[in-house]
Amino acid sequence: MTRRADTPYSRRDFHEAQGVLLITREPPPAPPPVKGQPAAVPGNPAEGVEILIAVWDDGSVTALSGHVDLGTGIRTALAQIAAEELDVRMDQINMVLGDTTRAPNQGATIASASIQIHANPLRAAAAQARAWLLSQAAAHLDAAIDELEVNGGIVSVRGNSEHAISYADLVRGRHTALLLDLNTAVKRPEDYRLVGQSTPRVDIPSKAVGELTFVHDVRVPGMLHGRVIRPPYAGADHGDFIGNTLESVDESSIAHIPGIVTTVVIGDFVGVVALREEHAEQAMRELAVKWKEWPALPDLANLEVALRDNPSTRRVVANQGDVDAALANAAVRMDRTYVWPYQLHASIGPSCAVADWHAERMTVWAGTQNPHVLRADLAKLMDLPDVAIDVIRMEAAGCYGRNCADDVAADAALLSRAVGSPVRVQLTREQEHQWEPKGAAQLMEIHGGLNADGSVAGYDFQTSYPSNGAVTLALLLTGKVSPQPIAYEMGDRTSVPPYDYQNLRVTINDMAPILRASWLRGVSALPNSFAHECYIDELAAEAGVDPVEYRLRYLKDDRAAELLRATTERAGWMPHVKPQQQEADGDFLKGQGVAYARYVHSRFPGFGAAWAAWVADVEVNRNTGEVHVRRVVVGHDAGLMINPDGVKHQIHGNVVQTTSRALKEEVKVDARTNTVISKEWGSYPILNFREVPVIDVMMMPRNDQPPQGAGESSSVPGTAAIANAIFDATGIRFRQPPFTAELVKAALSPPPAEPANPPRTRRPWWAVPGALLAGAMGIGAAMLGWKSAIPEVTRIDPSIYSAEVIERGRRLAAAGDCSVCHTASNGVRNAGGRALDTPFGKIYTTNLTPDPETGIGKWSFTAFQRAMREGISRDGHHLYPAFPYTSFTKTTDDDLMAIYAYLMSQEPVRAEVPKTALAFPFSVRPLMGLWNALYLKPGPETADPARSAQWNRGAYLVNGLGHCTACHTPRNELGAEKFGKYYLGGAMVEGWEAPPLTAITHAPVPWSEEELFRYLRHGHTEHHGVASGPMLPVVQELAALPETDVRAMAHYLASFNTPVSEQEAKKASQELVTASRLGAERVVNADSRLFTTACGSCHHDGDGPALVGVNRPLVLNSNLHSSTPDNLVQIILRGVRETASHDAGYMPAFMHSLNDQQIAQIAAYMRQRYAPDKPVWNDIESTVARLRNAEHAKN
Amino acid sequence: MNTSPLRVTVNGQQCCLDVPGDAPLLFVLRNDLGLNGPKYGCGLGQCGACTVLIDGKSARSCVIPTSGAAGRHVTTLEGLGSKTALHYVQQAFIEEQAAQCGYCLNGMIMSTVALLQKNPCPTDEQIRNALAHNLCRCGTHVEILKAVRRAMQLAAAEKEPK
């Protein structure tokens, strides 16, 4: 049943309703613009008064707030506040958050201010509603107001519950609107019944069963799917090139994709709209867009230098005592620099929005943090008045600040306008990572020191925070907003240390972003506190005083001191005056660190939110450098907690996220352009379940104190506590997170300097032979070149062949993989046109259907037989040996006839194929006559009587129709297969390695006959890899063969391998797997993190999730043991999108998410991890580049 | 490209899907079948937000082409239970309040279902390993671990003779 509280969709619906009590307020006047602070957008008086509370005649209540729930649970907490003041049940409330159509304009949901500050109007409104309702009830019940009590919206006379009237009855048949009186008396905290009680979140049940909640789930009738194509300057937000770097868009490049509705180009904004989402995504990948040259971003290799070089304006916010004199007289000068890296908001769901444009009006469903600011942006972008736009706020993945939620809403608006239909735009993971306004890098420099007595001489603190509010991207890309550098004054959050330093100066260097940046949880306060709290630890150590004791000397805020004492006591703080006092546990060094901060948010001097203190216990592996945060004890004082469990969960979240930021997180940029290259989770790993510390939360009982923001506070001291604990464990100070294993290891045991290896370049193998061939070919051409044509025939009537013969021919054609080469990508089977890359040029395959003009319809069997035996086309011209007639020639006449019958029985398809045009001298086809004289042995081979019938059958299939040698046998200078020991000895083909099939195999487990059979039959095996790349279609075709034939092939191939039984193979395989799991040298570095996070959900040592699909241990994978990384790189680039059987499993292509260097890192790690006895692969990066750009990949 | 309709059983219903066979299963579940449970997170099988069950096993629907689900049984969050008839894992997650923004919740619940079907009594380490590649940015890990343990209890209680 629908409640009335759920039905209004606009302010007008409230104003026009009957049976309701409204508490309204005049939109607050436009705030004066404040330099360098987040934008505030005034309410538009044209929209009338704002509504805060509506009490309906069915007993339900609508409560409205301008703030939104970013996953912190304020929907529940605000509902508790409204329910408390109204004395109704939680389930009577519908909490409306953030819609511009209904909710009041209360600015952006930032700075932990929703409960602390912005709940006040709602609280007052609810109290005012209750007061009015009680006055009405008093008249109805003929009782004094102080005789009444309320429960669940029923007013009764105390002690006589029969004598009662409901809110519903009191508002029925009337429309009452009262203007908010902020002076209305609200409840005393001691009278609270609901506030202060842990209350289940109202949103979780719907989310746990998949009901519509998220903006990602919005579906509108007629909705189309959009994707955007972003410019190459990923992460830039200012500079003249922004908005005018596009050179051209070639729409014909996506003409082949079905259901493309339109392509939208405005300045540097490019988007596509399609009927189906996967086609929009395909169009996004394949649309040919050319960009002009643009200047690279400033060098970010050294953040400290980059931040110093970034233009800034100095702003002194605190200056007391005489810092300069104090430092001049200091007994010990301690000048320190702390650097914070760029970090990501890293929302788990990339941003999404739906826009529905009607001429002159638009609705946008968005996951925005600031609906009214977004509406103003959209108005500017679309040249509409703000009141013509409805922004409906839906929930989104947690954002912890400004991510791409607004950007994608603007993208959707532009695309919807272009097509006149609702359009949903989903950003990709790569786009969200690359373009989200980063949590800014930050530079904190402290000049300070100690007096002779160990007291603090002076504290001269400077902080540089390159960030702003991040102009909505489409405004920049379309040129609506000029791409100027904009500096905000937000580096001042918690810039004044909490310690009572007599001589103190705090200076903010306000600066524009380098990379597009905006607020991220803790904003500038978190890095500032990192510096304050590390520095006081350094002072304490230098003074030889316990870090807690030293802090308490300077912490004059009693509430803070009490919190710090209580927290350290709870944690079992081990006082120490120097590091490394705890005994190491084997390889693990142990340390304990402390830090304290009160998050001071909003415009300087700002407001203090909750107080927080951390004690972190860490273990540092002295061999690998890994830091594990074992336990965190957090003390937290948030005053009155509306929902204590909600606060506790927020603290847990802050601890996990901060630990993640401290240990792992750092945005990586391209060394040349400084654009963002962290595009997926492997290159930006976040803390996972294995790494989560034990978290002990101690919440101070302060119900008598006003509520303080709790969304960010407990994150603020975290990094310093961890850094201080690492110092305690190792005696080494780390002043720039993340504290990665390689950083710590290098500090613990600096490696000797190594000369850099010059990169090696490889010459393509055919470079020399090609030249030789060119010369040699000239000689015998005239002599052997020309062959006669075989007369045309009218197409043979296939009915002369029996169904059995045709079926046998179909199977034999499958054995010969005819259709694999003679079918173009997305083309008709056997109609030709596929381009084959050979060392001599591109060869197009011919049409094998019986079409008389373009196919083989006019071919007699004799012509077909000659082509298969001698490589001569019907008209007498030579075919190139990319067509494996040197193998096919071994086929018996009987089998050739069956294949011919099958081919002629196909439906003729008229399909012209591109002409093969090789460069001279290969273009001179008669030269092939000489080649054939040298390398072709026409005709079937006789069976080997010494071998079994099965072996001979296998040999016939493998060497004949199966033409296994064509790929698996290396070729000589003239492109002919080599003999002897080279037979099936492995070769490169089309950018893949066809591995050796004989005893020289590099497979770590020998191939048994049974394994060979399984591989050929099912495409995967127990002790080896999965058939992929060019081998996949071979296995797919072999499916047409009877099992006896496949077994015969396996039997024949096995005869070239050292015989191995199933049991022996199994044993070898198990030993390898065990050794790989136990014996591998543990290497922890950026490469291992990349691999573990990017690939680890499937590829793990049996200690990860069990996912659908076979997943053989990587140590068994032959590709990792090969001398070249090509096959591994191919698979990483292109993934496994098709498999020979259902159970094989799929793998995504990483070519769009990882750059050459990152793929090379993964490959190098896998090689040393899974084939440690093999030499390292050299220069993998250029292999990746070559294979990424390989021509064959673009077919 | 697949041109003939694909038959997939989704949440117990036989579906005849006239969609491109190479379309990610995730998109087809969401766009063609209107399901909200599986979420797009990375498209690379790294984060687990899109997790569904295929023939009872955990699967990342963003990397599986729809043709790969042909002839198989797919279960999504919606197929586990509803608000009035919760699956015990859903119930456990609600009771432990194991969501902040809730975007990863689908993957956490589905992965837990798959884990407990295979191993009804996992150790803490086994739970952490099984969920190690389900990413949560809000830091709900503590509550999620508690929810998995509660789900184990609820499952055990369900099995007890009444």
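Which strands of chain A does helix H10 lie across? In this predicted model, helix H10 (residues 405–419) of chain A lies across E9, E11, strand E12 (269–274), strand E16 (352–358), E17 and E19 of chain A. Its direction is at about 35° to E16(A).

These strands belong to an open sheet. The sheet has seven strands, in the order E11-E12-E9-E19-E16-E17-E18 of chain A. Pairing within the sheet is mixed. Strand E11 (260–266) and strand E18 (389–393) of chain A form the edges, and each pairs on one side only. From one strand to the next, the twist averages 20°.

Within the sheet, strand E9 (residues 224–229) and strand E19 (residues 423–426) of chain A run parallel. Three bridges join E9 to E19 in chain A. A:Gly226 takes part in the bridging: its partner in E19(A) is A:Val425.

Helix H9 (residues 371–382) of chain A lies across strand E17 (361–366) and E18 of chain A. Helix H9 runs at about 140° to E18(A).

Chain A contains 36 helices and 32 strands. The C-alpha trace of chain A spans about 115 × 80 × 60 Å along its principal axes. Chain A has 1195 residues, of which 55% count as buried. Contacts were counted between residues at least 6 apart in the sequence of chain A; of these, 77% join residues at least 24 apart.

How values were computed: Residues are numbered from 1 along each chain as its sequence is written. Chains are lettered from A and ligands numbered from 1 in the order in which they are written. This is a predicted model: local features need pLDDT of at least 70, side-chain atom pairs count only at pLDDT 80 or more; totals for chains, interfaces and linings use all residues. Two strands pair if DSSP finds at least two bridges between them. Helices (H or I, at least four residues) and strands (E, at least two) are DSSP runs, numbered from the N terminus. Axes are lines fitted to C-alpha atoms, for helices over the stretch in contact, and angles run from 0 to 180 degrees between N-to-C directions. Two residues are in contact if their C-beta atoms, placed from the backbone, lie within 7 Å. A residue is buried if 20 or more other C-beta atoms lie within 10 Å of its own, exposed if 12 or fewer, and partly exposed in between; C-beta atoms are placed from the backbone.
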